[in-house]
Structures are given as C-alpha cells and as structure tokens.
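Thanks for making the time this morning. Please bring the sequence and the structure up on your screens, and we will walk through them together.

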Amino acid sequence: MTKNKIKAYVMLISFTAITVTILYLIPQLISSSLTRVSVVNVKLSDMKTTVVCSGTIESKYQRSVYYSFPLMAGKVIASIGQQVKAGETLVEIDKEDTIQTFNSSTSAGSSTQSQSEILSQAHDSLSADEYSALANSYGLSTSASTPSSSSSGSVSSDNVPDSISAPISGTVTQLNATEGSYTDPDGPVAVITDLKNLQVKAQVDEILLTSIKVGQKAVITGDGFTSSYIGVVTKIYPTARQIVTTSGTRTVVDILLSIQNTGNDLKPGLSADVSIVTADIQDSMTVPYEAIEEDDSNREYVFVYRNGHAFKTFITTGTEYANTVAVKTGLKPGDRVITNPPSDLHSGQVVRPGV
C-alpha cells in the first residue's frame, strides 16, 4: 500500500470519528440548553376538608340530687364510682334526728313566726327567685325538696324522705354524705352521671361556622385518652359568645358532638381536640398550588407537558385543600403539569423534564 493510500485511510478514519462524535454531542448540547421543568401527574384522589376546634368531654345525661335543708345521713350505701340503677337507694336518712333538728332550729317562736309573716307579706312584691332566696335564708323554702312548715315552722315525718335514691341509672360521680353527719344544703347530696353516653362541647371560631352542619362526622382525640373516636355534630348553639385567650378576644359558637362507641379511657371533664370533616369528595382531580398561574384577565391556567413541549392550558378550579386545588375543567387524569413554571415560559416551548 502506498503512502498516499495510507494517508487517505487515516484521514477517512479521523473524519468518521469526528462526525460520530459531533452527532453524539449535538443532542447532548441541545438537551442541556433546554429549559428544565418539574412535572407532576394529574390524578384522581379522595379529598377531605376539615375544621379543627377544641372542647371538653361531658355526659349527655347527668342528674344532681339537691335538698335545701340539712338531712341527717344514716347508712351511706353507695360510693363514688359505683354503678347504680334508677331508684336505687344511695343514702338512708335518719328522719327522727332530721325532724328534731329542723324543728328545734325553727322553734324560736316569735322569731320564726315573724319570718313566716315576712315571707307571706313579701310573696306578691318579690320575683320567684327573690322569694325563694329569702325563704332559704330563713331555713324555709317553697320548693318540693323543702319540708312544709306550719305557722310555728315545725315539720312532720311526711316532709322528710326515708332515703335518697338515684334519679337515673349511671355512675355515682359525687356523694356528699357521711354517716352520722348532716348534708350541706348548698351543694348536691349526690350526682349520678351516665358515662356510656358522652359528648363533646366544642367551640368553633365564627369565621369557620358557615362550614359546620349538623350530621357532619369528626375525629376526636385528646391527651387524656389513648384512642381516637368518631363523633357526629348534633347541635349548633343559636348564639355566639366571646372568650378571652392569651392572644386576645375570640368570638365563638358552641357545638355538641355525640361520641360513638365510647371507651373506658373517656372521662367527663377531659379536654378534646376535634377535627370535623366539612367536605369529603371522592375522585377529585387536583393539582398543586404552585402549578397554577393567572393571566391579566384573571383566567387561571397551567402548562401541560406533552411530547417535549409546554402547552398553556386554561382551567377552572374548585375546592381548595391543604396543598392542592380541585380542577373542574381543562385537564384529565394522566396529564402532566409543570410546577413552578419559569416566568418566561411560553406555550409550545421545548422543555426538558427534571430538576
């Protein structure tokens, strides 16, 4: 082979290598010069909106037993924490001692007669509450739980109960009676609470009230109990009120929520955190907030990535969620939208997905 042929082969090989290299690098150079964009897929999701508030657990049914005059407790049968049925005896009353004590305390003669006369004279000039307060201050009362007094202020055995019974079935949560001691007329002798039928009384800020409806479900949690419970809004109070917090004054409305399948870890008086589901939409098509742009005419649009290009697509939006917005029209599941599109991006521009 002559030197000229050898030289020709070398040049051919070199040219081929350079051509291959150029053909390989050109796409890489073009690709690296393209605008890079972040792309997410449009998909259907089950979306929920919630309103968060707080409140206190309380019993739906609680009854207190009051007597506005002292009773001498005989045998105390019940105890705090005991479950009782309606009508079950809680405390037996020493009637004889109670009657003697009451009559002796009101046997001041003219003094007691004078009190009765004062009450009689004041009956027409005082309101019911004022009349009751005056009667109680004299150890007398117009209520059914107070013994009827004669002109001398005495009572009979018919006016004093043999015992104090549970007004409803439930648990004894207060019992203010000690054997051989008198009950205090300023407080309940006993409190019976139904611990199986509990509810939450919560406070909703006024700006969130329009989202709350009777029948909405909620998730109830709290630091004082381990389980989470399902609740249902049963009542929205008709008036608002103001509460004072460390950050100022808030206007709130009270609501009630029943608690389903209560457990033993729930107790009246515990604080509760409530998350009320105000909307539960199945198969909602959503896109991230950062994908949505708005033009000078306040029309919303996104850039859809298709076949290596970005296409401007107008949309209409619906419900707003924590990080996304529902899209009513303009897109379909499977579309790929560009998030945080560059400010100079235009429809039809060639782009490269990836950060």
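A word on the basis first. This is a predicted model, in which local features need pLDDT of at least 70 and side-chain atom pairs count only at pLDDT 80 or more, while totals for chains, interfaces and linings use all residues. Residues are numbered from 1 along each chain as its sequence is written, and side-chain values use heavy atoms, with hydrogens and water left out.

The protein has four helices and 21 strands; these are DSSP runs numbered from the N terminus, with helices being H or I of at least four residues and strands being E of at least two. Of the 355 residues, 34% are buried, where buried means under 20% relative accessible area, exposed means over 50%, and partly exposed is in between, with a 1.4 Å probe and protein chains only. The exposed surface comes to about 20800 Å², and carbon and sulfur atoms supply 50% of it; the areas come from the Shrake-Rupley method with a 1.4 Å probe, and for residues only the protein chains shown count as cover. If we take the contacts between residues at least 6 apart in sequence, 73% of them join residues at least 24 apart, a contact being heavy atoms within 4.5 Å.

Now to the largest pocket. How much space lies in it? The value is about 340 Å³, a volume being the space filled by probe spheres set on grid points that are joined across faces, edges and corners. The pocket itself is defined on a 1 Å grid over the protein atoms alone, as an open set of points where a 1.4 Å probe fits, with protein on both sides within 12 Å along at least five of seven lines, and lining residues have an atom within 4 Å of a point. There are 14 residues in the lining, and Q83, T171, L195, K196 and N264 lie nearest the centre of the pocket. The elements that give two or more residues to this lining are β5 (83-84) and β8 (170-175).

T171 is buried, with a relative accessible area of 9%, and, leaving aside residues up to four places away in sequence, it touches G81, Q82, Q83, V191, I192, T193 and L195.

Next, the aromatic residues. The structure holds four aromatic pairs, meaning rings of Phe, Tyr and Trp (its six-membered ring) with centres within 6.5 Å, where planes under 30 degrees apart count as stacked, over 60 as edge-to-face and the rest as tilted. The ring centres of Y301 and F303 are 5.8 Å apart and their planes stand at 90 degrees, so this pair is edge-to-face. Y301 and F314 also make an edge-to-face pair, because their centres lie 6.0 Å apart with the planes at 70 degrees. Y301 belongs to strand β16 (residues 300-306) and F314 to strand β17 (residues 309-314), so the pair ties together parts that are 13 residues apart in sequence. Together, Y301, F303 and F314 form one aromatic cluster. Both Y301 and F303 are buried, whereas F314 is partly exposed, at a relative accessible area of 37%.

N307 is exposed, with a relative accessible area of 70%. Another example is N261, which is not a glycine either and has a positive phi of about 50 degrees. N261 lies in the loop between β13 (248-259) and β14 (271-288), and is exposed at 72% relative accessible area.

V52, in strand β2 (residues 43-59), is exposed, with a relative accessible area of 60%. Its C-alpha atom is separated by 4.5 Å from that of S275, which is 223 residues apart along the chain, and V52 touches V274 and S275, not counting residues up to four places away in sequence. P342, in the loop between β20 (336-339) and β21 (349-353), counts as partly exposed at 27% relative accessibility. P342 and R36 are 306 residues apart in sequence, and 9.2 Å apart in space from C-alpha to C-alpha.
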